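Good morning, and thank you for making time on the agenda.

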Amino acid sequence: MKENGHYIDKNETVIKIRDLYKSFGDKHVLQGIDLDVFKGENVVVLGRSGTGKSVLIKIIIGLLKPDAGTVNVLGEEVDQLRDADLRALRLKVGFSFQSSALYDSMTVGENLAFPLKRNNRSLTRDQIRKTIDVVLDAIGLPDTINQYPSELSGGQKKRIGIGRTLILRPEIMLYDEPTAGLDPITCMELNKLINAVKERFNTSSIIITHDLTCAKEVGDRVAVMDEGRFVRQGTFDEVFTEKEGLIKSFYDYNFIQ
Amino acid sequence: MSSTNEKQDKPVITAKIDGFFITFYDIAVFIARFFREAFRPPVEWGEFVRQCYQVGYKSLALVTVTGFITGVVFTEQSRPTLSEFGVTAWLPSLVAIAVVRALAPLIAALICAGKVGSSIGAELGSMKVTEQIDAMEVSAINPFRYLIVTRVTAMTICLPLLMFYNALIGCMGSYFDVHAHEQTSLIAFFDNAFAQITFLDYTTALTKAILYGFTIGIVSCYQGWNATQGTMGVGKAANVSVIVSMFLIFIEEVIIVHVFNSIR
Ligand SMILES: Nc1ncnc2c1ncn2[C@@H]1O[C@H](COP(=O)(O)OP(=O)(O)O)[C@@H](O)[C@H]1O
Ligand SMILES: [Mg+2]
């Protein structure tokens, strides 16, 4: 099993989801999701657009409430937490948005400083600057500190979005389509970054994607989602040995076309 | 906690009437949340000061120009009538009463509703639809306190200041007009003007301005905070902020005037 030279602790679950349901009106999005993420593991969630992948990780971070089922993150039941405790948990979970969601009225430096300052009011200007430099170095964009998001390319925005969550030193990273809409070379760079983040910051992650190259590069385990359920789980090779139905369509699209 | 809208199941009366009451209830919850969060530390001073600057700075030029013109025009228009009765000496106090009691609060409020209300609606709306508000939420920041409390408070505090400034400029405009016709000193004019204004007039004006500021702040923040459907929603949030604020301001005006006149 590919573990990116890293030890996965199968005895320690950082995210444990059981029998999760979520509907919007009469639109049933999640219909019985079970998922475990182990410490040090990168789990890739594959699925077509609109199957509820984003909804799933928004429930994990408490942006949406589940209708039924349990979501346990780092030992806490997310939907039962009071505001203060939820906030404490969110410090340990990084969330990288599909749209990057950078604060467009702020420079890159201010984007990174914003969560840091607000969650640690005793930091000095120097300490903040140093932390920002470390993160910008880790995401490979040291020269963008004074630029505004509108001046950045799509790939750079994604990196800064990842950097903005790394600055709080999360134990878990949730990536929503980190490579969507990017050219193949930038995709590869982001895959490398996701693996580097795991090494350097010791994170466990869920990576949502519909890009098989990404899944293969960064995933220790792949879970395929269809119509609100996981239909297949395993290593990349396990999932894609038998190519039929949805799996085949995915595979053909990504590797043959 | 979450800022995401979820659909209701079945209408109780009709979808439209239900929607009206749901919106009403939502706004009440929004206001309650404002008061709950506003008095809890830590205060976002930096953002609050920035918003005060935005409110003041964005409207200052317009408030100055309209205030001045109101003063001049009101004086011009009143002079013929007053001179018919030979009481042009009443001009200063007439203008002052009109400006403080009625014109300044309304003018300042309408300008802020148009200028600041739309920009708050659009700014928060675009932050909402581009997930910037969710991004604050997930980095353990309370976006309501950072974005809403600061803006509503800034509006509530700055509008009274703009209103008094507008009244002062209005009187200045009137003075220029009066001065052009008869030799009056500035001091004599202002003595005369404010002699008729009572403590109750100031209280009424202040109450109005505070209420209007709060209304504009809450309405435009609510619209932005609940914006949906991408860029279309942003335009709608800005637009609806202005219309609803102005509408409510006129309704509040009527109510306040009645209440204070019954005291008088
Ligand atoms: N806040 C919401 N309100 C109503 N419907 C939603 C909301 N969020 C997501 N949905 C619906 O849930 C479905 C799954 O969305 P999503 O999780 O974003 O899909 P994806 O797998 O592409 O990330 C979509 O059909 C979407 O319309
Ligand atoms: Mg999605």
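I shall begin with the contact between the chains, continue with the domains inside each chain, and end with the cysteines.

Please keep in mind throughout that this is a predicted model.

Let us take the interface of chain B and chain A. How many residues of each chain are in contact with the other? On the side of chain B there are 20 residues, and they are in contact with 30 residues of chain A. Put together, the two chains bury about 2,300 Å² between them, and carbon and sulfur atoms give 56% of that area. As for charged pairs, four salt bridges are found across this interface. One such salt bridge joins the side chain of B:Glu131 to that of A:Lys58, with an N to O distance of 3.0 Å. The interface of chain B and chain A also has seven residue pairs in polar contact, counting pairs in which both residues are at pLDDT 80 or more.

I turn now to the inside of chain A. The domain assignment divides chain A into domain 1, made of residues 2-92 + 173-255, and domain 2, made of residues 99-169. Taken over C-alpha atoms, the centres of these domains are separated by 24 Å. Which residues of domain 1 of chain A lose the most area to domain 2 of chain A? They are A:Leu91, A:Leu193 and A:Phe201, which together account for 43% of what that side buries. Over both sides, the two domains of chain A bury about 1,300 Å², with 70% of it on carbon and sulfur atoms. The contact involves 14 residues from domain 1 of chain A and 14 residues from domain 2 of chain A. Two salt bridges are found across this interface. A salt bridge is found between the side chains of A:Glu189 and A:Arg159, at 3.8 Å from N to O. For polar contacts, the count between the domains of chain A is one residue pair, both residues being at pLDDT 80 or more.

Chain B has its own assignment, with domain 1 covering 1-40 and domain 2 covering 45-263. The centres of these two domains lie 27 Å apart, again taken over C-alpha atoms. In their contact, domain 1 of chain B supplies 14 residues and domain 2 of chain B supplies 18 residues. The area buried between them is about 1,500 Å², 64% of it on carbon and sulfur atoms. Between these domains of chain B there is one salt bridge. B:Arg145 and B:Glu37 form a salt bridge through their side chains, with 3.2 Å from N to O. By class, the side of domain 1 of chain B that touches domain 2 of chain B has seven nonpolar, three polar and four charged residues.

Finally, the cysteines. Over all chains, the count of disulfides is zero. A:Cys214 is in no disulfide, and the nearest cysteine sulfur, that of A:Cys187, is 7.5 Å away. Is A:Cys214 buried or exposed? A:Cys214 is buried, at a relative accessible area of 0%. In chain B, B:Cys171 is likewise in no disulfide, and the nearest cysteine sulfur, that of B:Cys112, is 19 Å away. B:Cys171 also counts as buried, at 1% relative accessibility.

Conventions
Residues are numbered from 1 along each chain as its sequence is written. Chains are lettered from A and ligands numbered from 1 in the order in which they are written. Side-chain values use heavy atoms; hydrogens and water are left out. A disulfide is a pair of cysteine sulfur atoms within 2.5 Å. Buried means under 20% relative accessible area, exposed over 50%, partly exposed in between (1.4 Å probe, protein chains only). Domain bounds come from an automatic or database domain assignment. Contact means heavy atoms within 4.5 Å. Buried area is the accessible area (1.4 Å probe) that two parts lose on being put together, summed over both. Ala, Val, Leu, Ile, Met, Phe, Trp, Tyr, Cys and Pro count as nonpolar, Asp, Glu, Lys and Arg as charged, and the others, Gly among them, as polar. A polar contact is a pair of N or O atoms within 3.5 Å; within protein, one must be able to donate a hydrogen and the other to accept it, and residues adjacent in sequence count only if both atoms are side-chain atoms.
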